[in-house]
Amino acid sequence: MKTQILSTKTEDIKKAAEIIKSGGLVAFPTETVYGLGANALNEDAVKSIFKAKGRPSDNPLIIHVADKGDITPLVKEVTPKAKALIDAFFPAPLTIILQKSNIVPNATSGGLDTVAVRMPKNEVARELIRQSGCVIAAPSANTSGLPSPTKAKYVIDDMLGKVDAIIDGGDCEVGVESTVITLAGDTPTILRPGAVTKEMLEAVIGEVEISPAVLNELDKDETAASPGMKYKHYAPKARVMLVNADKESYERFVNAKANAFALCFDDDNVTIPHITFGKESDGESQAKELFDALRQLDALGAKRVYARLPEKDGVSMAVYNRLIRAAAFNIIDLKKPFTIGLTGGSGTGKSHICKYLKTLGFNIIDSDLVAREVVKKGSALLTELQAAFGDDIVKDGELDRRLLAGRAFETKEQTAKLNAIMHPAIIKRCEEMADGLCVLDAPQLFEAGAQDKCYKIIAVTAGTDTRVERICKRDGITKEQALQRINAQFDNGYYAEHSDYVIQNDGQDIKIQIDRIIDEII
């Protein structure tokens, strides 16, 4: 297909309108991003949009109108709240979802009984719609999954030879797609955030909810009610990892990365190759620059990108929403005290793995050593233990561990009492020691309830025979005693079910397993 590159002059808009009218495809500017338009009521024309983009056909499209009156035939009813929003905002970067009328093809609505409509603020877009005499279905004018185009050159990169015409209207004003709100349910709900914020909407119609899918991934079988909800979207060719961290922690983290790029704010002090996307406290500047920044990363040949995570309020929520989808929901959470929680039963070889992780630059926090520290001579915890298990467990100021163990492990109730005293103190001290990338080596991670303080959890497992051999050699106890200890702990299935990753450590070289996990998570 030969693609015409058109200007925004009147005669070129008329050419583009004729193409739409005859069932063709035209990419055109809006105030948000460039749209790829076809006659919304021509099912064959709409299907050609999906083909050009490589877009899944169950992903609904937005119908663009030139005038407010064009909405009425497309829906069963313009509800009072819909009318209030239309009167208050249109034309605007806002899309409203209502129950559709019979004239809207299933191809346009993604098979749903609702339809999404908006009236773009961009005058070229509205004039194209008027001249064509059609309402226009238009997703973003990019290959499906890639960053939405905010400049004509990106549309040309993606769509040349796939569409009939591209109108070059310069740079888009807003930079992220429209806010999508559904009024088809009991409570108005934002399905995709944008430049029209929750607060702005609530000022007009009262309570507005935010769909959980705005900030989280849809379940595999859950239906996408709006564009941009279900699939990985907005992603450059590079692998994007989001970093949840304050400014100093983010800078320290990314500046230590070799062979990587950073996607950061204008005032971040980053020394590795990087692209910025606005100011930290300015969601509008982030929105305007985000997609262009993602495209620039591709132009620079970036393979791995560490992006600074924005806030989740105002227009920044729209940026957050786009970035988590660009990163396929991979977020490195450095605001949690521990990067990795390493756990597993006795004899699985956690200490060996910690030695290797230390060579990779991790700070290792050994909870067993901390457990000894918190009950050292003179500690307040000794008094608490005496009150629970008897004064005689402390002799000459030192804890008699053997005597305490004998009493604490007599019954499950006694063990629970010991854990209630020890675990909070141990975890508190471990948190005080946490700095940068750190591993919490904690055999009783789950028992202590510390799993939520870890970005990722790695469980180490091994076969029973291997574990028995290691325990007997390390502690000088009998096989029966080793088995008794193993049987008192969680089994391998429990660790696998409750951990993000499992390392099988039966004597083989575990470096390959560790390297794969670390490469994936940071």
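Helices (H or I, at least four residues) and strands (E, at least two) are taken here as DSSP runs, numbered from the N terminus. The structure is a predicted model, in which local features require pLDDT of at least 70 and side-chain atom pairs count only at pLDDT 80 or more, whereas totals for chains, interfaces and linings use all residues. Residues are numbered from 1 along each chain as its sequence is written, and side-chain values use heavy atoms, with hydrogens and water left out.

The chain contains 19 helices and 23 strands. Its C-alpha trace spans about 95 × 45 × 40 Å along the principal axes. Of the 522 residues in the chain, 52% are buried, where buried means under 20% relative accessible area, exposed over 50%, and partly exposed in between (1.4 Å probe, protein chains only). With contact defined as heavy atoms within 4.5 Å, residues 24 or more positions apart account for 68% of the contacts with a separation of 6 or more.

A nonpolar core is a set of buried Ala, Val, Leu, Ile, Met, Phe, Trp, Tyr and Cys residues joined through side-chain atoms within 4.5 Å. The largest such core comprises 47 residues, and those with the most contacts inside it are L36, I63, L85, L94, I96, I181 and L201. At least two residues of this core come from each of β3 (35-39), α2 (43-53), α3 (80-89), β5 (94-99), β6 (114-118), α6 (152-159) and α7 (198-205). Helix α2 gives the most, with 5 residues. A second, separate core of 32 residues includes V270, V460, I503 and I518. In soluble globular proteins, nonpolar side chains tend to be buried together.

Two helix pairs were examined through their axes, which are lines fitted to C-alpha atoms over the stretch in contact, with angles running from 0 to 180 degrees between N-to-C directions. Angles under 35 degrees count as roughly parallel, over 145 as roughly antiparallel, 65 to 115 as roughly perpendicular and the rest as oblique. The axes of α1 (residues 10-21) and α5 (residues 123-132) come within 8 Å and cross at roughly 55°; α1 is therefore oblique to α5. At this contact, I13, K14, A16, A17, I20 and K21 of α1 meet V124, E127, L128, Q131 and S132 of α5. These residues divide into 6 nonpolar, 2 polar and 3 charged, with Ala, Val, Leu, Ile, Met, Phe, Trp, Tyr, Cys and Pro counted as nonpolar, Asp, Glu, Lys and Arg as charged, and the others, Gly among them, as polar.

For α13 (residues 380-389) and α15 (residues 412-433), the axes come within 11 Å and cross at roughly 170°, so the two helices are roughly antiparallel to each other. Here L381, E384, L385, A388 and F389 in α13 meet Q414, K417, L418, I421, M422 and A425 in α15. By class, this contact has 8 nonpolar, 1 polar and 2 charged residues.

Several backbone features lie in loops. The peptide bond from F90 to P91 is cis, with omega near 0°, and P91 is placed in the loop between α3 and β5. A positive phi of about 55° occurs at A328, although this residue is not a glycine. A328 lies in the loop between α10 (316-326) and β16 (331-333) and, at 33% relative accessibility, counts as partly exposed. D396, also not a glycine, has a positive phi of about 55°. The loop between β19 (394-395) and β20 (398-399) holds D396, which counts as exposed at 73% relative accessibility.
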